[in-house]
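Please prepare a short briefing on the structure shown here. Keep it to geometry and contacts, grouped by topic.

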Amino acid sequence: MGKASRTKVESTRREKIAAQRAAERRSEQRRRILIASGSVVVVLAIVLVFVIVKLNGKPAASAQGVSNGPTGSSLAAVVNNVTSVPASTLNTVGAGGGAVTGKPTTISGTALTENGKPEMLYLGAEYCPYCAAERWAMIVALSRFGTFSGLSTVHSSSTDVYPNTPTWTFYKSSYTSPYLTFTPVETTTNVADASNTPPYVTLQTPTAAQQALVTKYVGASGSIPFIDFGNKYLISGASYNPALLAGLSWSTIATDLSNPSSPVAQAVDGTANYITAAICKMTGNQPASACTTAVQSLESQI
């Protein structure tokens, strides 16, 4: 083979090697691009899943309503005033001097008990202004039979009637009593959620048995507040006008509860006395410190 032929062969061989290496480089580049693209797709898919879960997921049960009420030592002082209204004040207020517009009514059904004691069942919601008004009286009354802990403030909806009524929530609170069991259910917060009916964030869901009692005694509409005293007596709706609390601070309301001539005491303490009377009829007028002569005089009215 001549020199020219050898040179041509060698040149061809180098060209083939170069072409092969170029092809390998292109293949490697494609592989890296595919790997990078696949990683991006995986990341995007993960992000999409989180977004979908966030959009479609229901709020956690730990969601809580909005409050601008007192905190710390100020809250402790308010709680003390609400849970320790003097018996002498309550006796003086009696039936409330006309401020109480709704009283417990008699119902019949299988005795409602829990842990061997008569049960007081409450269903309400943090947005509800009528529940807001009723909770003040419930706390005053129940504090005569036992002890609350973990009470916190909240206000009713800012867009409903009687907006921003100062009140309490029973969510995450506890109550102990040797005389009765208190079972509160706060169904929603006061935080808007248009996907719900009513349009507020879900907080607690009644059991099937609890919902059945609501349906039985007040119908499918489920009017709140709903308070069942051992399936013997019932409160449905507010017992006094929530407008009475408009513009008042938690501290002002709590202080007024011990002034029997104040409009707040007439309405709240008067309602508390009727609630106390219903409880006393469940407990056989025990204890005597709660079921006073003044309270027993109201028992015949329910």
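Predicted model: local features only at pLDDT ≥ 70, side-chain atom pairs only at ≥ 80, totals over all residues.

Residues are numbered from 1 along each chain as its sequence is written, and side-chain values use heavy atoms, with hydrogens and water left out. Helices (H or I, at least four residues) and strands (E, at least two) are DSSP runs, numbered from the N terminus.

**Strand β8 and its partner**

- Strand β8 covers residues 181-186, and five of its six residues are buried; buried means under 20% relative accessible area, exposed over 50% and partly exposed in between, with a 1.4 Å probe and protein chains only.
- Strand β3 (residues 117-124) runs parallel to β8, and six bridges join them; two strands pair if DSSP finds at least two bridges between them.
- Tyrosine 122 has proline 184 in β8 as its bridge partner.

**Largest pocket**

- The largest pocket holds about 360 Å³ of space.
- Its lining consists of 17 residues, and Thr187, Thr197, Pro198, Gln211 and Gly222 are the closest to the pocket centre.
- A pocket is defined on a 1 Å grid over the protein atoms alone as an open set of points where a 1.4 Å probe fits, with protein on both sides within 12 Å along at least five of seven lines; lining residues have an atom within 4 Å of a point.
- Grid points are joined across faces, edges and corners, and the volume is the space filled by probe spheres set on the points.
- The lining has seven nonpolar, 10 polar and no charged residues, where Ala, Val, Leu, Ile, Met, Phe, Trp, Tyr, Cys and Pro count as nonpolar, Asp, Glu, Lys and Arg as charged, and the others, Gly among them, as polar.

**Aromatic pairs**

- The whole structure contains nine aromatic pairs; rings of Phe, Tyr and Trp (its six-membered ring) pair if their centres lie within 6.5 Å, and planes under 30 degrees apart count as stacked, over 60 as edge-to-face and the rest as tilted.
- One of these is the edge-to-face pair of tryptophan 136 and tryptophan 168, at 5.5 Å centre to centre with 75° between the planes.
- Tryptophan 136 is in helix α4 (residues 129-142) and tryptophan 168 in strand β6 (residues 166-169), so their pair ties together parts 32 residues apart in sequence.
- Both tryptophan 136 and tryptophan 168 are buried.
- Phenylalanine 170 and phenylalanine 182 also pair edge-to-face, at 5.1 Å centre to centre and 80° between the planes.
- This second pair ties together parts 12 residues apart in sequence, because phenylalanine 170 lies in the loop between β6 and β7 (174-176) and phenylalanine 182 in strand β8.
- Phenylalanine 170 counts as buried at 2% relative accessibility, and phenylalanine 182 counts as buried at 8%.
- Ring pairs link Tyr122, Phe148, Phe170, Tyr175 and Phe182 into a cluster.

**Selected residues**

- Serine 297 is in helix α8 (residues 293-299) and counts as partly exposed at 42% relative accessibility.
- The side chain of serine 297 reaches the backbone oxygen of alanine 294 at 2.5 Å.
- Alanine 272, in helix α7 (residues 263-283), is buried with a relative accessible area of 1%.
- Alanine 272 and alanine 141 are 131 residues apart along the chain, yet their C-alpha atoms are separated by 4.9 Å.
- Glutamine 204 is in the loop between β10 (200-202) and α5 (208-218) and is partly exposed at 25% relative accessibility.

**Backbone geometry**

- Threonine 197 and proline 198 are joined by a cis peptide bond with omega about 0°; proline 198 is in the loop between β9 (188-192) and β10.
- The peptide bond from glutamine 286 to proline 287 is also cis, with omega near 0°, and proline 287 lies in the loop between α7 and α8.
- Tyrosine 162 is not a glycine but has a positive phi of about 45°; tyrosine 162 lies in the loop between β5 (152-155) and β6.
- Lysine 172 has a positive phi near 70° and is exposed, with a relative accessible area of 54%.

Technical notes: Polar contact = N/O pair within 3.5 Å; in protein donor to acceptor, adjacent residues only side chain to side chain.
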